[in-house]
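Me: I am new to this structure and would like to learn how to read its features. Please take them in turn, with the general idea before the case.

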Amino acid sequence: MKLVTAGIKNEKRELPLVALKDLVVLPFMVTPFFTGRANTINAVEAAMSADRMIFISCQLTDNDDPGIEDIHNTGTLAHILQMLKLPDGTVRILAEGKQRGIVRKIKQERNYSFVQFTPVKINTETDDSLIPIMAAVLKSFTKYCNLKKTIAKEALQAAEKAEYADKLADIILANMHVKKELKLEIHSMLNTAERLDSLAVLIEAEIEMLNLQGRITTRVRKKMENNQKEYFLNEQIREINKELGKEKDDSQEIDEYVKIIEAKKAPAEVLEKAKKEGNRLSKLQPMSPESGVLRTYLEWLSDLPWSIKTSDNKDLINAAEILDEDHYNMKKPKDRILDYIAVRQLKEKMKGPILCFVGPPGTGKTSLGKSVARALDRKFVRISLGGVRDEAEIRGHRKTYVGALPGKIIQSMKKAGSCNPVFLLDEIDKMGSDFKGDPASALLEVLDPEQNSTFVDHYLEVPYDLSSVMFITTANSIHNIPYALRDRMEIIEIPGYTDLEKLKIATEFIIPKQKEENGLTNAAIDIQKSAILKIIHNYTMESGVRSLERQIAAILRKTAREALTKGETFDGEYRRVISSKSIKKLLGKEVYQDDLVYTEQRPGLVHGLAWTEMGGTLLPVEAALIEGKGELILTGSLGDVMKESARTALSFIRANYENFGLEKGFYEDKSIHIHVPEGAIPKDGPSAGITITAALLSIFKGVPVRKATAMTGEITLTGRILPIGGLKEKTLAAYRGKMIDVLIPDGNRKDLEELPPEVTSALTFHPVKTAEEAYKILFETEAAE
């Protein structure tokens, strides 16, 4: 074995250090590199003035002044072949790697660093055990060169002429295109056999990667060739069909689109746009993506009903019969529709009304929209706006986007097939907004009679006339609708139903409908009125009739199953009477109880009235005096507004105690506790002001209020009673709770006309303007004294 040190004249084994960040220099490798770092330039100049030898090591960090921890511990002794200074101050160096070295120490010499190292001895004689490995490595490298076309032939020739193992390893490693970390790992190995083994593994891994890339490239190329073949064959088929007269060319297709749009009497602007886009389409290749976009666009323009209208039903009597046939009561919305039909007879061209039906769930708002369309003999379309948060849902996307479509308004107009349908926008109060835009703002143009004649969808890019459309929106509450949008609509309130109205609806509408849906049309099933009322009171808690319909459907299903189990048939002979006693067996235990009502009279106990989304409810308020220092304690999950009402009521009584026969300082040694039962249910609103005032006066005087009396109204600091909302629902709650008298604000006197006759006949209403008037009614004996 012969070990040599290649061309090192510096016996101290110290050389100027050149640290390169992204380059690994190996023995037998001639490579150029550039540097602009002052430390490196000084080191090269020092070497040029001596024996031109430098020590090159790969830098591992970004430090501009690298220390021993910043460079790899194995580097290469290199001879500078050429140095060239460039005008921008950088230097180009051409160096040849000579021998590996192991870094021992780095020292600073004036303005550059030099390194102390130990050369790695070169074994120039090849051991017999290494010959098979060398042959395998060379064979793999040959295969690698054939796959990697960028490697020069000279590199393979140099590897084939390598006299010993280390030289072969260095030449191959220098010419491989791999990460520097992989090169450094093999570069730093001292055992020759280990170096060759690691190099063989690395070459095989790279060959496998290149083969995989080749297979992928082949598949992609084959797919492209197939697409080109398919395109070529399709073009041939088209030309053959043209010769046979079986297919029309693009120009004929475009002309057809334009003729359809002309036939539908579209505006001139639309026709001009269609011709312009058709000209663009005729100049495009059939397989280009843009041609598909333009063809879809022209299809939309030709499919829309630009001027197609259905003729309205002008028979007022017939329209009224249809409305009454589908819905019970609902006088206000029905009158508004009949008014519109009457005016249409006097003036043919008029803008469609924009109505908003507001009411609790299950009161028939959506089905009333369908009924309106049937009464007018118009097409009906509906879109649900609940949860819509993107403006593009209304206005559409611009056609340049992939998969773009018009918004729901234009899509529904196409579905309707006429330009004057009844258009229902359901749950308009449940829209949201986010970074994609505000759909409520987009609806401002749709629902404005002055603007919707020129509604522009982002996809169409031309105006579409919506002025003939009758828009109907539905909402459970108008408070969630932006004011600008609310201002454009005619609000029609659809209040909850009374028990007698629900009974009538169940008898005339729900039961016949459910019998038909459950296959019991021929069965004589009689659900007694007492049974229906029991379902209303104990199995539903709603202002509408949706739950009532579900419970009636459940009764009919269970009745059908019970009859079929016994072998009975529904051929006209089957009869069944369902009484109130049968309800528990059919529907199970009672789900709801009546409103909480205290029958006994006691000081501090008063019944108020509250509005909920499910309808009205009685709201008991309790007041108690306890030892204390005039504190006010409020419990029962009360909201901020209701707490303020309690403080206002107490301040009013303290300021006017003489008017109510109270002594001065009546509250100083007592604390007041006000509680509203059912504390798990949140309660808020100003309408309990008079109720809290009455409870406080009752406990201060030690006298109960008038028997079976409920009340509602907001109180001010001067004792005025202000109007409230939801009077119908609240009075229905008083009616269900078997109250006798109801105190209401004088400002709500006008709302009494809307109450059902059975309610006004059962209750005595007392409109009051001030708390003093209410006091005289609630405490008749005390007031007289």
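Reply: Start with surface patches, which are made of residues with over 30% relative accessible area and no salt bridge: like charges are joined within 9 Å, and nonpolar side chains (Val, Leu, Ile, Met, Phe, Trp, Tyr) within 5 Å. Lys and Arg count as positive, Asp and Glu as negative, while His and the chain ends are not counted. A charge is placed at NZ of Lys, CZ of Arg, CG of Asp or CD of Glu. Accessible areas come from the Shrake-Rupley method with a 1.4 Å probe, and for residues only the protein chains shown count as cover. A salt bridge is a side-chain nitrogen of Lys or Arg within 4 Å of a carboxyl oxygen of Asp or Glu.

This is a predicted model, in which local features need pLDDT of at least 70 and side-chain atom pairs count only at pLDDT 80 or more, while totals for chains, interfaces and linings use all residues. Residues are numbered from 1 along each chain as its sequence is written, and side-chain values use heavy atoms, with hydrogens and water left out.

Me: Which residues gather in a patch of negative charge on the surface?

Reply: Asp22, Asp62, Asp64 and Asp65 do. Asp65 sits in the loop between β4 (53-58) and β5 (74-85); helices (H or I, at least four residues) and strands (E, at least two) are DSSP runs, numbered from the N terminus. Its relative accessible area of 45% makes Asp65 partly exposed, a class between buried (under 20%) and exposed (over 50%), with a 1.4 Å probe and protein chains only.

Me: How do I read the two sides of a helix?

Reply: An α-helix has 3.6 residues a turn, so residues three or four places apart point the same way. In helix α10 (residues 316-326), the residues Ala319, Ile322 and Leu323 are buried. Seen down the axis of α10, its buried residues fall within an arc of 95°, so they line one face of the helix. That arc is taken from the directions from the helix axis to the C-beta atoms. On the face of α10 turned away from the buried side are the exposed residues Ile317 and Glu325.

Me: Where is Met330, and is Met330 buried or exposed?

Reply: Met330 is in the loop between α10 and α11 (331-346). It is buried, at a relative accessible area of 7%. Its phi is near 50°, a positive value in a residue other than glycine. Arg52, also not a glycine, has a positive phi of about 65°. Arg52 belongs to the loop between α1 (38-48) and β4, and is partly exposed at 31%.

Me: How many salt bridges does the count come to?

Reply: The count comes to 34 salt bridges. One of them joins Lys85 to Glu45, with the closest N and O atoms 2.9 Å apart. Lys85 lies in strand β5 and Glu45 in helix α1, so this pair ties together parts that are 40 residues apart in sequence. Lys85 is exposed at 54%, whereas Glu45 is partly exposed at 31%.

Me: What do Arg336 and Glu490 form?

Reply: Their side chains meet in a salt bridge (2.8 Å, N to O). Arg336 is in helix α11 and Glu490 in strand β15 (residues 490-493), so the pair ties together parts that are 154 residues apart in sequence. Arg336 is partly exposed at 22%, and Glu490 is partly exposed at 32%.
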